[in-house]
Number of protein chains: 2
Amino acid sequence: MTTKGSQSTTKAKSKQTAGQLPLRVAILGFGTVGQSVARIIVERTDLAESLQLTHIFNRNVSRKRVDWTPESVVWTEKIEEVLAASPDVIVETVGGVKGTYEWVQQALSQGASVVTANKLLMAAHAPELISLASVHGSQIRFEAAVAGGVPIIDGIRFGLAGDQLSRVVGILNGTCNFILSRMTSTESMSAVLEEAQRLGYAEADPSSDIDGHDAAAKLVLLAGVSFRRHLKASVVPTMSIRRIDNVDCLYASRLGRTIRQLSIVESMGNGHLQAFVGPVLVPQESSFALNKGAQNFVMVVGRYGGAKSFSGEGAGGNPTATAVVSDLVALTKEERNADTFDGAWLPGTLAPPPLRSYYLRFVVNDQSGILASITTSLARYGINVDAVLQEPGFPKDRLPFVVTVEPCEDTALEEAMRVIEREDFHAEVPLVMPLLHGSNDALAV
Amino acid sequence: MTTKGSQSTTKAKSKQTAGQLPLRVAILGFGTVGQSVARIIVERTDLAESLQLTHIFNRNVSRKRVDWTPESVVWTEKIEEVLAASPDVIVETVGGVKGTYEWVQQALSQGASVVTANKLLMAAHAPELISLASVHGSQIRFEAAVAGGVPIIDGIRFGLAGDQLSRVVGILNGTCNFILSRMTSTESMSAVLEEAQRLGYAEADPSSDIDGHDAAAKLVLLAGVSFRRHLKASVVPTMSIRRIDNVDCLYASRLGRTIRQLSIVESMGNGHLQAFVGPVLVPQESSFALNKGAQNFVMVVGRYGGAKSFSGEGAGGNPTATAVVSDLVALTKEERNADTFDGAWLPGTLAPPPLRSYYLRFVVNDQSGILASITTSLARYGINVDAVLQEPGFPKDRLPFVVTVEPCEDTALEEAMRVIEREDFHAEVPLVMPLLHGSNDALAV
């Protein structure tokens with residue numbers, strides 16, 4: 001909090017510190033992102049007075065050595081050597097929780113600030129690391145951990161601080177968006193996934209992306225900065241996009257919709273949060289549908305200001321590195337003190353989902369009475385059918401058709417589906433996906 | 001700049017100031033935005049400890065009085081009374097340059113910070129007011145002056161500080177975007193404008209919107225925060241959307257494009273800036289074309305991170321007020337000192353536009369040899385025709401047709417058009433609009 005008195009203090013301080021040394025930066029992990037961070041620091045001469053690269057840490061560091069960093073940089077594979085040099089900031093781009101967790105703790109404990117691109121570490125330990133930083137007068141920043149170079153964390157914490165946020169809906173995983181925006185009624189997921197892997201948008205093992213765990217970790221961080229509540233990533237309901245089939249693209253388009261992996265969190269007050277990660281049918285004219293390829297897109301809805309959107313490249317060395325460097329630049333300025341600004345992240349509680357419409361896709365071995373059987377079971381649980389779609393041209397023994405239902409409780413639908421799944425006419429386990437109405441800020445799960 | 005030493009100082013300071021009084025806020029101008037700002041401050045109890053509304057200033061203030069502000073608020077029509085009370089922050093939502101300029105100068109000079117929604121004031125005087133604030137240890141912030149509640153200034157100054165920005169392209173005027181996204185080959189501009197006025201998206205006299213002056217002022221501010229260079233709004237080349245006709249919607253769609261009022265600024269280095277505000281043909285699949293209604297949309301392109309986009313409501317009391325309150329919240333925190341962060345805005349120089357493709361629309365009294373005459377004149381100035389479009393069904397004496405040309409110098413095109421305009425076959429002065437290729441970040445003028 002600033003009064004006129006403290007403003008003068010600040011001014012005096014900024015004048016005094018203007019002559020001081022640059023922030024000494026140690027980079028942990030010299031992979032794609034770490035290298036891009038170093039490259040930007042070296043190339044941006046306008047930052048030379050405020051940032052000084054002092055250490056590069058990597059396992060087997062000798063094979064990582066490049067010729068374009070300053071000669072003064074210490075290359076090391078000993079974390080102790082880095083920490084003993086008392087850097088002002090640790091840039092952590094190693095990834096994973098093992099190892100990094102201890103290093104970040106140690107750095108914060110000795111008063112260094114930390115800038116990390118590590119969504120898993122932060123999703124697991126953000127509240128504790130933020131508190132630790134606060135106790136030691138340092139900061140932990142993680143703009144790069146969500147949506148690459150899209151400044152969504154800064155946008156929520158500062159740019160939208162004047163609003164009261166209620167909901168965040170994002171396309172946070174570029175791999176899933178690439179797959180879902182390329183898939184058509186004839187172009188299969190496996191073909192598109194192969195293309196994504198060839199283009200470097202998908203990993204050799206894309207499970208974490210496709211099954212929603214990557215996006216869930218990012219959603220935990222967005223919930224934290226938006227509502228100062230911490231959900232464990234493991235409690236966020238996730239649904240894989242694996243089972244999306246060409247026929248779903250066909251039926252989605254018949255419904256005026258398309259499929260996107262969305263990550264949604266909504267504050268219900270008192271630390272209760274609705275959250276979901278998975279494939280959702282969205283209106284074709286919504287901003288989510290229009291977001292194609294590997295782009296990330298995040299919409300933040302506030303009580304006063306309505307919906308604001310942020311988009312751009314969500315991955316890649318350079319875009320992610322710009323987010324890291326933005327955090328470094330922020331540390332060189334009058335600080336935005338994490339503890340006074342945001343306050344601690346209290347534990348959040350997962351709230352049950354709202355009433356939602358659903359898309360139910362069945363593949364059956366055709367016989368008479370199937371639709372009657374399904375709709376009867378749905379009715380028994382108080383669920384109203386909205387539409388039934390059955391396109392011609394499929395084999396009778398693997399006949400796909402779709403039932404959409406009006407907004408209902410997910411527990412009721414789950415019970416109805418358990419009954420329906422017991423029937424012997426299925427050629428495949430039914431697929432259940434939320435279906436969103438309205439567009440953009442009206443869009444809610 | 002922060003070192004470990006100054007971090008400890010900061011921590012001590014934040015602890016010390018945590019017990020201090022809230023920022024005392026005086027609102028100048030109690031119109032739509034001023035009222036929304038007061039409403040948010042009053043309603044958001046989480047801000048009660050950091051922001052205190054002390055004064056509301058307005059001409060004939062008695063007719064403005066409401067019953068939902070704290071009783072302690074002083075209502076006044078005397079600016080001297082406000083300034084004599086030494087508020088910590090002045091919120092200026094009066095608008096215009098006359099009067100506000102002196103008030104803001106006085107406030108800054110006595111050490112108060114200023115938060116303003118006033119694009120005209122800032123476009124005219126930003127460099128001087130930023131310096132004045134810096135000298136007196138205060139701040140001037142103006143998030144609300146561009147794109148309403150979309151946190152684009154924060155995004156550029158902080159979220160994208162890690163990148164080196166090269167270009168900003170925005171849809172900055174909701175009125176023009178509403179008109180251009182509603183107009184079709186049959187729906188006229190006047191009908192759509194009337195609808196916009198009825199919905200409150202357009203003013204009774206929409207000249208400043210339609211002729212590009214509103215957007216030019218905002219573009220000057222975006223250029224300032226992006227490149228720390230100041231262009232005078234009067235030197236930004238603006239083109240009105242007034243002359244866009246239904247037939248242009250038809251021909252744009254034949255070209256796979258649609259028309260948007262874009263505001264573009266690109267840094268050419270050394271303070272040279274290309275800038276333009278006016279109607280442009282953009283590809284139908286571009287994000288600019290997909291931005292419809294009164295929404296604002298701003299794309300920022302960086303050397304390292306590529307394109308990032310920000311969008312949302314660009315006007316209205318509440319969205320604009322959230323931007324004001326975000327600025328107020330920022331002032332209550334460890335400050336981001338404007339002078340140490342951004343540095344001064346040096347004078348910028350307008351650079352000539354790049355080679356651009358153009359759309360030339362003629363309306364002629366048909367006779368033989370017209371196309372030959374036009375293309376001959378273009379050829380004489382080295383300008384190559386890309387396409388000729390002439391739709392059937394128009395009267396011979398007011399026959400509209402379109403010529404598009406390959407990228408050329410605007411001065412060459414101007415000279416060619418001067419020759420062409422002298423011909424006697426015109427039923428209307430020809431319309432010249434830039435035509436952009438590529439999409440999104442490739443899109444440049």
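The largest nonpolar core of this predicted model has 266 residues. A nonpolar core is a set of buried Ala, Val, Leu, Ile, Met, Phe, Trp, Tyr and Cys residues joined through C-beta atoms within 7 Å; buried means that 20 or more other C-beta atoms lie within 10 Å of a residue's own, with C-beta atoms placed from the backbone. The residues with the most contacts inside the core are I27(A), L219(A), V324(A), I27(B), L219(B) and V324(B). Leaving aside residues up to four places away in sequence, L219(A) touches L172(A), V236(A), S263(A), V265(A), A275(A) and V277(A), contact being C-beta atoms within 7 Å.

Chain A has an open sheet of six strands in the order β3-β2-β1-β4-β5-β6, with parallel pairing. Strands (E, at least two residues) and helices (H or I, at least four) are DSSP runs numbered from the N terminus, and two strands pair if DSSP finds at least two bridges between them. The edge strands, β3 (74-76) and β6 (140-141), each pair on one side only.

Strand β4(A) (residues 89-92) is joined by four bridges to β1(A) (residues 23-28) and by four bridges to β5(A) (residues 113-116). L28(A) stands opposite E92(A), and V91(A) has V115(A) as its bridge partner. From β4(A) the chain crosses through helix α4(A) (residues 100-109) to β5(A) in a right-handed β-α-β crossover, that is, clockwise from the first strand over the helix to the second with the strands pointing away from the viewer. In β4(A), V89(A) and V91(A) point one way, I90(A) and E92(A) the other, and all are buried. Two bridges join β5(A) to β6(A), where R141(A) is the partner of V115(A).

Residues are numbered from 1 along each chain as its sequence is written, and chains are lettered from A and ligands numbered from 1 in the order in which they are written. Local features need pLDDT of at least 70 and side-chain atom pairs count only at pLDDT 80 or more, whereas totals for chains, interfaces and linings use all residues.

Technical notes: Buried ≥ 20, exposed ≤ 12 C-beta atoms within 10 Å, placed from the backbone. Contact = placed C-beta atoms within 7 Å.
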